[in-house]
Amino acid sequence: AYQVFRSADGTWTAPPLARVANRFFHDRTAVSGTTYEYRVAAVNRAGSGPLSNTVSVTPIAPPEGLSTTAGDSQLTLRWLAAPGDTSYDVYRSTSWSPDSMTRVGTGLTALEFVDTGLTNWTTYYYRVKARASSSESRFSQAARGKPQPPPPTVAPTDLTATAGSGAITLRWTAVPNATGYKIFRSTDGTWTGPPIGDTRRTEFRDRNLVNGTQYFYKVAGYNRAGTGPLSDAVSATPTTPPSAPTGVTATAGNATVTVAWTPVSGATSYNVYRATATGGEGTTPFATGVTTSAFLDSGLTNGLTYFYQVTATGAGGESARSTEVQASPVAPPPVVDPTTTEAFQFLKQTTWGPKPGDVAALKVL
């Protein structure tokens with residue numbers, strides 16, 4: 001067997017601390033932070049042999065209370081000191097397992113470590129070991145954290161509200177650090193309710209509204225860390241679209257068709273739809289933003305029939321389409337030179353009839 005002797009003050013008093021049959025001993029009575037010296041002697045039935053050389057060690061416990069605080073692309077670790085600790089090593093992994101840990105900080109004397117250059121929204125796991133002289137503690141309990149940017153600190157600007165029929169479209173300027181935007185709506189100027197929606201774009205269309213009712217809006221940027229301040233309020237009142245144009249006519253010309261209609265109350269412009277077959281005008285206007293009550297369509301093919309419909313646009317959007325009208329551009333009749341006719345009649349009456357070149361020769365005379 002083997003006898004194990006321990007000293008904490010340089011004296012070696014009997015009896016031994018332990019007697020073991022193995023060639024190792026785990027001293028469970030040691031106090032963290034206290035430096036101990038050890039000697040070992042071999043024994044048999046005849047007695048005890050000489051003492052071994054002396055080894056010195058300071059048992060230390062791992063730090064406790066390990067925690068993380070998230071920052072933008074970084075995590076700040078903090079922990080509590082254990083008795084006897086003189087420095088610390090920090091280990092990191094993207095897995096909970098101690099076997100996957102990689103040391104990212106060594107010889108730290110502060111109770112804090114800032115781990116930078118991380119990927120936002122990725123979960124990282126940390127453990128810490130304490131050191132004292134040549135001693136090293138076991139791993140601490142793990143702590144995890146997820147770096148993330150702070151919540152937006154500014155409100156969206158340039159917020160506008162454009163009304164349509166039963167709908168209002170909001171637009172604003174993007175906010176730094178925002179991954180999305182929350183939309184708040186009010187009809188009386190109070191802002192106590194939850195958001196009516198959110199979007200990752202800088203545009204939001206609020207539908208199914210009551211025409212003639214004024215709506216107020218505010219917008220706030222947000223990310224996983226929280227929601228930023230609200231924007232200034234804007235308002236808009238959805239309205240019905242103008243009525244469809246009436247009295248539509250189509251007048252043919254030489255490679256042209258003039259489409260005209262009666263002005264519509266509340267219309268700010270008109271759209272013209274065109275096709276070469278009845279009912280084939282499609283969904284895309286041929287001409288938009290027409291501000292008068294007539295439209296000249298030029299560069300057409302004479303003899304081909306063209307079909308037209310007209311809509312009015314205003315604050316409430318686009319009206320229904322007008323009735324369909326049609327027209328076929330035609331070329332004008334040829335213009336005959338009177339002198340040519342007179343020369344032809346003269347030669348017909350005074351000769352057996354004009355021969356090629358006679359009319360032109362007579363006109364010269």
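User: Is Phe286 buried, partly exposed or exposed?
Analyst: This is a predicted model, where local features need pLDDT of at least 70, side-chain atom pairs count only at pLDDT 80 or more, and totals for chains, interfaces and linings use all residues. Residues are numbered from 1 along each chain as its sequence is written, and side-chain values use heavy atoms, with hydrogens and water left out. Buried means under 20% relative accessible area, exposed over 50%, and partly exposed in between (1.4 Å probe, protein chains only). Phe286 has a relative accessible area of 40%, so call Phe286 partly exposed.

User: And which charged end sits over the ring of Phe286?
Analyst: To count, NZ of Lys or CZ of Arg has to be within 6 Å of the ring centre and within 35 degrees of the ring normal. Here the charged end is 3.9 Å from the ring centre of Phe286, and the residue is Arg274.

User: What kind of aromatic pair do Phe286 and Phe295 form?
Analyst: Rings of Phe, Tyr and Trp (its six-membered ring) pair if their centres lie within 6.5 Å; planes under 30 degrees apart are stacked, over 60 edge-to-face, and the rest tilted. Phe295 is buried, at 16% relative accessibility. The two rings are 6.2 Å apart centre to centre with 80° between the planes, which makes the pair edge-to-face.

User: How many aromatic pairs does the whole structure have?
Analyst: Another one is Tyr36 with Tyr38, a tilted pair at 6.4 Å centre to centre and 40° between the planes. Tyr36 is buried at 5% relative accessible area, and Tyr38 is buried at 13%. Searching the whole structure gives a count of 7.

User: What is the volume of the largest pocket?
Analyst: On a 1 Å grid over the protein atoms alone, a pocket is an open set of points where a 1.4 Å probe fits, with protein on both sides within 12 Å along at least five of seven lines; lining residues have an atom within 4 Å of a point. Grid points are joined across faces, edges and corners, and the volume is the space filled by probe spheres set on them. The lining has 19 residues, with His26, Asp27, Ala30, Val57 and Pro59 closest to the centre. The volume comes to about 360 Å³.

User: Which strand supplies the largest share of that lining?
Analyst: Strands are DSSP runs (E, at least two residues), numbered from the N terminus. β3 (36-44) and β12 (135-136) each supply at least two lining residues. The largest share, 3 residues, comes from β3.

Terms used. Helices (H or I, at least four residues) and strands (E, at least two) are DSSP runs, numbered from the N terminus.
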